[in-house]
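Subject: Structure for your attention

Dear colleague,

Please find the structure below, together with its sequence. My findings follow it, and I would be grateful if you read them with the structure open.

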Amino acid sequence: MCRQACEYEDQKKRRFVSRAGGWTWLRHQSLQRDFIMADSIMSKAATMEIPINSNGDTGTLAEDDSLEQDLQQVMVSGPNLNETSIVSGGYGGPAGGIIPTSTIKGSSNHNTCSSTEEVSRGVAVEKLDSVKKWGINTYKCTKQMFSERFGRGSRTVDLELEAQIDVLRDTKSKYENILRLATALIDHFQSMVQTQQALGDTFTDLSQKSPELQDEFGYNAETQKLLCKNGEALLGAINFFVSSVNTLVNKTMEDTLMTIKLYENARLEFDAYRSDLEELSLGPRDAAAMVRIEMAQHEYQIHRDKYERLRSDVAIKLKFLEENKVKVMHKQLLLFHNAISAYFAGNQQQLEQTLIQFNVKLKPPGSDKPSWLEEQ
């Protein structure tokens, strides 16, 4: 009875497999055997003891061959390339021959990283030193400036040079006023010339349309056109005058004043370090104080040389500026006088000769207007 029951169950299983159209049940049985085998292998590997010699190498295992065969059956997939290692002693070599690739990457970048860190550290130290020097210098100069302003500190004064600097600043202010007035004269006179031009065109048009007043409109039109022509010549002379004075004031004088500003800053620094040296000289004379005095003496000498050099530069520039100013203004004032006199005297020939004498070139009519391409 039991045998018949077993045969009946076996027939039911075969019918189940045939009805499913595949080997599902058989594959299930095979997978069960594989999991059982893997579980036994992993338990065996976990409980295995690996003897280690005195030199750190692994000893010979009795079950190495069987374990290797079992692992080959279980580990079907290849190694993970993200965790690749380089074996120096070949397969089955000692554990000490395995070198992780992460170690190689770190060693290859170690020199580059260290050199970059050294460069960055050097730049940081240099910037820190410059900021430190700037802070000390600013503190000393600010202290000296307040001491001078409140009458507690002394300052180095070159009376002759200071007088020349004051004269230059006053002269620049007056020349800037000349520029403003001459520019206003150009604007007003330009409007008058444009009005004369429009008036002359109107007289010309009326002379053609009014036969009974043709002569009267005609010679008034000619007069306005002549005045307009002479006015353009005078405008050319005044523009040349303004351009030359502007170059003298805003370039030559301004360059000298920039050097004067550097000189004044150097003078303030010189006095600040001089006062610092004087304060240290009045203090104690121990070893540390002598070191500070020596350093202060060195800084004092550096700023003194800078102050002397800039004072010499200012004196030279003031001298050449005075010579250049006399030369330029002599020519420009003569041009301005002759052009104004000739225009209001109605001497067209003298006005033209004045322009030729000073090499003043008039712009062609309409050159001040933007081209059609610039208007787009």
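Helix α6 passes helix α8 in a left-handed crossing. In this predicted model, α6 covers residues 214-281 and α8 covers residues 348-357. Their axes come within 10 Å and cross at roughly 30°. Angles under 35 degrees count as roughly parallel, and α6 and α8 are therefore roughly parallel to each other. On the α6 side, the contact involves L226, K229, N230, A233, L234 and A237. These residues meet Q348, L351, E352 and L355 in α8. Sorted by class, the contact of α6 with α8 has six nonpolar, two polar and two charged residues.

Helix α8 also meets helix α7. The axes of α7 and α8 come within 8 Å and cross at roughly 160°. Angles over 145 degrees count as roughly antiparallel, and α7 and α8 are therefore roughly antiparallel to each other. This crossing of α7 and α8 is left-handed. From α7, the residues in contact are L335, N338, A339 and A342, while α8 contributes Q350, L351 and T354. By class, the contact of α7 with α8 has four nonpolar, three polar and no charged residues. You will find L351 of α8 in the contact with α6 and in the contact with α7.

The remaining pair is α6 with α7. These two helices pack at an angle of about 165°, with their axes 7 Å apart. That makes α6 roughly antiparallel to α7. Here, too, the handedness can be stated: α6 passes α7 in a left-handed crossing. The contact of α6 with α7 has 32 nonpolar, eleven polar and 13 charged residues.

Just after α7, G346 takes a positive phi of about 75°.

Finally, I turn to confidence. How high is the average pLDDT of the chain? The average is 76, and 66% of the residues score at least 70. Confidence is highest in helix α5 (residues 159-209), at a mean of 94. It is lowest in strand β1 (residues 85-87), at a mean of 38. Over residues 70-105 the pLDDT is below 50, and this stretch has 22 contacts in the model beyond near neighbours in sequence. Residues 16-28 likewise stay under 50, and for them the model has four contacts beyond four places in sequence.

Yours sincerely,

A colleague

Definitions and conventions: Residues are numbered from 1 along each chain as its sequence is written. This is a predicted model: local features need pLDDT of at least 70, side-chain atom pairs count only at pLDDT 80 or more; totals for chains, interfaces and linings use all residues. Side-chain values use heavy atoms; hydrogens and water are left out. Axes are lines fitted to C-alpha atoms, for helices over the stretch in contact, and angles run from 0 to 180 degrees between N-to-C directions. Helices (H or I, at least four residues) and strands (E, at least two) are DSSP runs, numbered from the N terminus. Angles under 35 degrees count as roughly parallel, over 145 as roughly antiparallel, 65 to 115 as roughly perpendicular and the rest as oblique. A crossing is left-handed if the near helix is turned anticlockwise from the far one by less than a right angle, and right-handed if clockwise. Contact means heavy atoms within 4.5 Å. Ala, Val, Leu, Ile, Met, Phe, Trp, Tyr, Cys and Pro count as nonpolar, Asp, Glu, Lys and Arg as charged, and the others, Gly among them, as polar. pLDDT is the predictor's confidence in each residue, from 0 to 100.
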